[in-house]
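Subject: Structure handover

Hello,

Here is the structure for you to look through. My notes follow below it.

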Amino acid sequence: NQSTYEFLHLTLQSFFTALFLVVNERISAKEIITFFAKCDHYLTGARASVVFLRCLGYKSCHRKVPFETNEHLQFTTLFLCGLLCKTKRDLFKHLSSTGSVQRKRSALKAYLADCVKSHLKNLPQAPFEEFCRVQVLPRFVWLMRYIFETQSEAVASLAAKGICADYIKLTFCNAFSADCSAIANILRHRKKSIALELDNNNINDYGVKELIPCFNKLTVVRLSVNQVTDDGAKVLAEELLKYKIIKILGLYRNQITDVGARFIAQVVEECPHLRTLKIGLNKLTSEGGKLLAQAIQKSKAIKDIGMWGNQIGDAGAVAFAEAIRNHPSIKELSLAANGISTEGGKSLAAALRDNRSLEIFWLTENQLNDEAAALFAEALRVNKSLLHLWIINNRITDVGANCFFDILKENATIEEICLKGNDISAEGAKRFAEEKRIVL
């Protein structure tokens, strides 16, 4: 098998290169760092820029990019870190002087710790709620891998001290489940809590398990678009319920079913600081919707719920209606694209009459008709706290839109009722254009 042969060839070549760099006493610690820095720059700098430009649609030049095929560099640097770890000390007793290997080990440790600090320091930081958020680059993942291979508590601790932000955004960094071990290895040494965003990577359930050592530090866990299933949801619930410090939980576009919804519902109900849950585009039905709605009803802290793109149907909508009725804290709720018909809409509209906290309500891409529109309009006669109501792509005609048009004369609070994509006639659109708060 050609690919197997190539893999073995590159791996062995890289291993012996790293071994030569470690045992050869004529190669100084400074030269080791120079070599490592050049490889690191290639893997995460020039080559990464080429890949990024290709993603944007740019064509590469006719001239071949230097070192483009030198994939063995990543193996060499990882082997170098592994061979210089303290546990391999006895391995080199008869191959090189202890002093030479120790100097190389110390130099590499200092280099890696400084790299983490300088990498984060040079990136722009942006405020996000109460956090200071920084979007790290793929190089950060490589640094985590290097440090993990050194198996050094001291380096991991120094690297943790070098993390200046309290919100690490690792989205689109091509991180894999095995990388979660390296990430947890650093974050567990943090003295303070930290937020971790890993959306749009390749984490899966195994990666969730590998994060276990650092869950006691995490106030934000975002794992959207990561192939997390019910098994991962179970691990998450078990760990988050141990510490109960979670504030934001993001699980959008995974593979969680009603079984996993039971675990997430426990987190909502029992974690007193959880204020945001994003669990849209999973595989939840009315059963999972009911479980989450019941937990939300009991929570006094939850403010933002994203359920977009599940299939909770009318039964789930009824459960959510009971959850938001008289709820003290919920500010934003999305039940968009959930197969909710007028029957479910009736319950939600009735609940709005008794709600005084909800400000943003998304019901886009459901099956609400004029009857439901009339009931929501009547709810707005009483409810003066809702600011945005989105009923895009439903089955509302001029009749339903007219109900909203009339009620706005009595409700000066609501800022927007979005009815795009409904069956509004051209004549109706002209009339409703007089009311700027109706968006067509």
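**Helix 15 and its cover**

Helix 15 has these buried residues: Gly400, Ala401, Phe404, Phe405 and Ile407. Buried means under 20% relative accessible area, exposed means over 50%, and partly exposed is in between, with a 1.4 Å probe and protein chains only. Helices (H or I, at least four residues) and strands (E, at least two) are DSSP runs, numbered from the N terminus. What covers those buried residues? The cover of helix 15 includes helix 14, strand 11 (388-390), strand 12, helix 16 (426-432) and strand 13 (438-439). Contact here means heavy atoms within 4.5 Å.

**Ground rules**

This is a predicted model, where local features need pLDDT of at least 70 and side-chain atom pairs count only at pLDDT 80 or more, while totals for chains, interfaces and linings use all residues. Residues are numbered from 1 along each chain as its sequence is written, and side-chain values use heavy atoms, with hydrogens and water left out.

**The whole chain**

The protein chain has 16 helices and 13 strands. Its C-alpha atoms fill a box of roughly 85 × 55 × 45 Å along the principal axes. Of the 440 residues in the protein chain, 51% are buried. Take the contacts in the protein chain with a separation of 6 or more: 83% of them are between residues 24 or more positions apart.

The protein chain exposes about 20,500 Å². Carbon and sulfur atoms supply 55% of that area. Accessible areas come from the Shrake-Rupley method with a 1.4 Å probe; for residues, only the protein chains shown count as cover.

Now the charges. The protein chain has 57 positive and 46 negative charges, and their mean positions are 10 Å apart. Lys and Arg count as positive, Asp and Glu as negative; His and the chain ends are not counted. Each charge is placed at NZ of Lys, CZ of Arg, CG of Asp or CD of Glu.

**Salt bridges**

How many salt bridges are there? The count comes to 20. A salt bridge is a side-chain nitrogen of Lys or Arg within 4 Å of a carboxyl oxygen of Asp or Glu.

Start with Glu153 and Arg188. Their closest N and O atoms are 2.6 Å apart. This pair links distant parts of the chain, 35 residues apart. Glu153 sits in helix 6 (residues 153-161), and Arg188 in the loop between helix 7 (179-187) and strand 4 (194-197). Both ends are partly exposed: Glu153 has a relative accessible area of 45%, and Arg188 has 32%.

Next, Glu269 forms a salt bridge with Lys298, with the closest N and O atoms 3.6 Å apart. Here too distant parts are linked: Glu269 is in helix 10 (residues 258-270) and Lys298 in helix 11 (residues 286-298), 29 residues apart. Glu269 counts as partly exposed, at 40% relative accessibility.

Then comes Glu410 with Arg381, where the closest N and O atoms are 2.6 Å apart. Glu410 lies in the loop between helix 15 (398-407) and strand 12 (416-418), and Arg381 in helix 14 (residues 370-382), so the pair ties together parts that are 29 residues apart in sequence. Glu410 is partly exposed at 43% relative accessibility. Arg381 is partly exposed as well, at 34%.

**Cysteines**

A disulfide is a covalent bond between the sulfur atoms of two cysteines. The cut-off used is a pair of cysteine sulfur atoms within 2.5 Å. By this rule there are zero disulfides. Cys214 is in no disulfide either; the nearest cysteine sulfur, in Cys180, is 8.4 Å away. Buried or exposed? Cys214 counts as buried, at 0% relative accessibility, whereas Cys132 is partly exposed at 25%.

Thr150 is in helix 5 (residues 138-150). It is buried, at 3% relative accessibility. Leaving aside neighbours within four places in sequence, Thr150 is in contact with Cys81, Cys85, Lys86, Leu112 and Val155.

Leu112 turns up again with Ala37: their C-alpha atoms are 9.9 Å apart in space, while the two are 75 residues apart in sequence. Ala37 is found in helix 2 (residues 29-55). Ala37 is partly exposed, at 27% relative accessibility.

Best wishes
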